[in-house]
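Colleague: I'd like to learn how to read a protein model. Could you walk me through one?

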Amino acid sequence: MVTDGLKDLREKIRHSTAHVMADVVKQLYPDVKLAIGPPTADGFYYDFMVATPFTEEDLEKIEKAMQKVISNDLPFIYSEYSRDEIVDMNQSEPLKLEVISDIPEDEIISTYSHGEFEDLCAGPHVESTGDIPVFKLLNVAGAYWRGDENRPMLQRIYGTAFESQDAMDEHLGRLEEAQRRDHRVLGRELDLFSIHEETGPGLIIWHPKGARVRSLFEDFWRDEHYKRGYDLIYTPNIGRENLWRTSGHLDFFQENMFAPSETDAQNYYLKPMNCPFHIMYYKSSLRSYRDLPMKVGELGTVYRYERGGTLHGMLRVRGFTQDDAHIFCMPGQIESEIDSVLDLTFDLLQAFGFDDYTMNLSTKPTKAVGSDEQWEVAENSLRKTLDSRGLEYEVEEGGGAFYGPKIDVNIRDAIGRSWQCTTVQFDFNLPERFGLNYIGEDGDSHQPYMVHRAIFGSLERFMGILIEHYGGAFPTWLAPVQIKIIPIADRHIEYGIALRDQLSERGIRCEIDDRSERMNAKVRDAQLAKIPYMFIVGDREVESKTVGVRLRSGEDLGAVALNEVLERIVLEVEEKIT
RNA sequence: GCCGACGUAGCUCAGUGGUAGAGCAGCUGUUUUGUAAACAGCAGGUCGUCAGUUCGAACCUGACCGUCGGCUCCA
């Protein structure tokens, strides 16, 4: 539990550590120009402009020198300056001068100093460098000045600092835990997926076990959508240039699209989104108000050109399948439609054990299409729906896409990390561009409202999140193999095969380990494969027509009648127990 | 795309100018086993790719491809 007081203390410690770091960097490398060094959620960083980037060895050197400054216990001293004075003091620090010029006229300009080092800073800080209990420098990375890729690349040193060794150890332990759960490593170890230089970066090969998990949550997704009145369709992977002209993607999204291929003197583009195809379906027939709301969904595979440096396992790829759907409705139907999307969202996500959410509402940006009235109706209906559910959310003013406002849902995983999956976006652009309409009760033609929404977001990304969330130990309902049958000696294989056939017959995913290995080795391999149940069969079990049940946790349930343990497994699957 | 690091067998890694090695995995044989690794043997690599330096390159240089940590962007 992190109280506000503790949060403030940590912020002070980290900010102060950043100053100490800047101090020693300046001493060790006098040519370095200082940028900024704020505390962050988990630590701090400081950006430096430097001719030769820092190395790991530099970090060690810096860390040692910092220890010395800390043990010298130098007090942090607060001072205020006039604008002229501070500009004067920072003549050799061009980046600081830029920061200073951005400080509003009426604001007090202050610094904190310790020893010989003085840095422009609003504070607050701890009393003295000696009040920094523990810190650690973590890594060095490039970062653009002011986050703008057109500006110079600075060198950023990341570090962390805490009020106690225990707290820091816990934090570093969490980082290690995240590493242990890395879906790229588990994906290989558990034989779930692979990525190949030969096929191309950011393109996923789903192996049978990974594909099994995917098809399980896809089936769940389909069932829930059919139940709630969605129609599911299939659409192509490529489309003609004109389609993407009409949709506006060639104007606004082209840099994220793969280059076209020319066939029959026509340019075809791989689809980066499914919406134009769903719109074609809408337009395939004259629509009446009686047809609305119309909810059209698809597990649609899209391809987007992502810059090389951004790709990351399954979490950031170039080819992915969206659990996409488009809702066409009348203005009066918006609220209940948004509401039912949220219902669906929480029902789906909870099945995976995600029950901690944060939500964002993004409103009209300065450059936008659609009338103010449309935006107001849409934003209000999003707000109202969130409010009526008593959900807390952050409003990101101006954070919406140019074509409409949106709600994003972030889920928190088993080790407290937040992931954005669900997005619900209004679109005032495409209905206009494609001239969508329906015949109203009044006999006139009207333009429908259109909402894009994806719950999982991308199946690849969702799979990556699931792997890390479960640490590879999928709950029984999702486990690619639910039971491993382990015959102790070859004479027990026959009984094992009979068991397997019986279980498969009942729809249970079950394998038998009939290698001529020792039982210990088979148990170990099943354990490493994170299979939820092991059925060990030897003379005793054959004799008593039972199975020796060992759980993934290591717990040994002893010899159990098949029906008894099956009841437990079926319940776990049906209730989607995580 | 940008900054930095890295790329040797399926995996994890050793090998800093003289023609490539280990463990695990794989295959074969022996073993028939009671809750996290039996034993032995065999096989496996144009050292990311292409060019250059050199009598000689896994090793030095360059370009490209890919991966990793970040930045930027985002499902």
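Colleague: Let's start with α1 and α2. Is their crossing right-handed or left-handed?

Modeller: Bear in mind that this is a predicted model. The crossing of α1 and α2 is right-handed.

Colleague: What else do I look at when two helices pack?

Modeller: Two numbers describe a packed pair: the angle between the axes and the distance between them. Here, helix α1 covers residues 4-28 and helix α2 covers residues 56-71, and they pack at about 115 degrees with axes 9 Å apart.

Colleague: Which residues of α1 and α2 make the contact?

Modeller: On the α1 side you'll find Thr-17, Val-20, Met-21, Asp-23, Val-24, Val-25 and Leu-28. From α2 come Lys-61, Ile-62, Ala-65, Met-66, Val-69 and Ile-70. Sort the residues of this contact by class and you get 10 nonpolar, one polar and two charged.

Colleague: On to the RNA. How many residues surround RNA strand B, and which are the closest?

Modeller: There are 55 residues around RNA strand B, and Asn-139, Tyr-144, Gln-155, Ser-516 and Glu-541 are the closest. By class, that surface has 20 charged, 19 nonpolar and 16 polar residues.

Colleague: Which element gives the largest share of the surface near RNA strand B?

Modeller: That's α16, with seven residues. Several elements each supply at least two residues, among them the strands β6 (134-144) and β7 (153-162) and the helix α17 (539-544).

Colleague: Which parts of RNA strand B lie within 4 Å of the protein?

Modeller: Of the RNA atoms within 4 Å of the protein, 51% belong to sugar or phosphate, and the rest belong to bases. Let's look at some individual atom pairs. A backbone N or O atom of Gly-142 lies 3.3 Å from a sugar or linking oxygen of RNA strand B. Bases take part too: a polar backbone atom of Gly-309 is 3.3 Å from a base nitrogen. With Arg-316, an N or O atom of the side chain is 2.7 Å from a base oxygen.

Colleague: Now a single residue. Is Glu-468 buried or exposed?

Modeller: Glu-468 has a relative accessible area of 4%, so this residue counts as buried. You'll find Glu-468 in helix α14, residues 459-470.

Colleague: What does the side chain of Glu-468 make a polar contact with?

Modeller: Its partner is the side chain of His-183, at 2.8 Å. Skipping neighbours within four places in sequence, Glu-468 is in contact with Arg-181, Asp-182, His-183, Arg-417 and Trp-419.

Colleague: And how do I read backbone angles?

Modeller: Most residues other than glycine have a negative phi, and most peptide bonds are trans. Now look for departures from that pattern. The peptide bond from Leu-292 to Pro-293 is cis, with omega near 0 degrees. Pro-293 sits in the loop between α10 (275-283) and β14 (294-303).

Colleague: What is the phi of Asp-191, and where is that residue?

Modeller: Asp-191 has a phi near 60 degrees, a positive value in a residue that isn't glycine. Its place is in the loop between α6 and β8 (193-195). The relative accessibility of Asp-191 is 36%, so we call this residue partly exposed.

Colleague: What about Ala-265 and its phi?

Modeller: Ala-265 also isn't glycine, and its phi is positive, near 60 degrees. Look for Ala-265 in the loop between β12 (261-263) and β13 (266-270). At 66% relative accessibility, Ala-265 counts as exposed, because the cut-off for that label is over 50%.

Terms used: Residues numbered from 1 in each chain as written. Chains lettered and ligands numbered in written order. Predicted model: local features only at pLDDT ≥ 70, side-chain atom pairs only at ≥ 80, totals over all residues. Heavy atoms only, no water. Axes fitted to C-alpha atoms, helices over the stretch in contact; angles between N-to-C directions. Helix = DSSP H or I, 4+ residues; strand = E, 2+ residues; numbered from the N terminus. Left-handed = near helix turned anticlockwise from the far one by under 90°. Contact = heavy atoms within 4.5 Å. Nonpolar A, V, L, I, M, F, W, Y, C, P; charged D, E, K, R; others polar. Near = heavy atom within 4 Å. Polar contact = N/O pair within 3.5 Å; in protein donor to acceptor, adjacent residues only side chain to side chain. Buried < 20%, exposed > 50% of the residue type's maximum accessible area, 1.4 Å probe, protein only.
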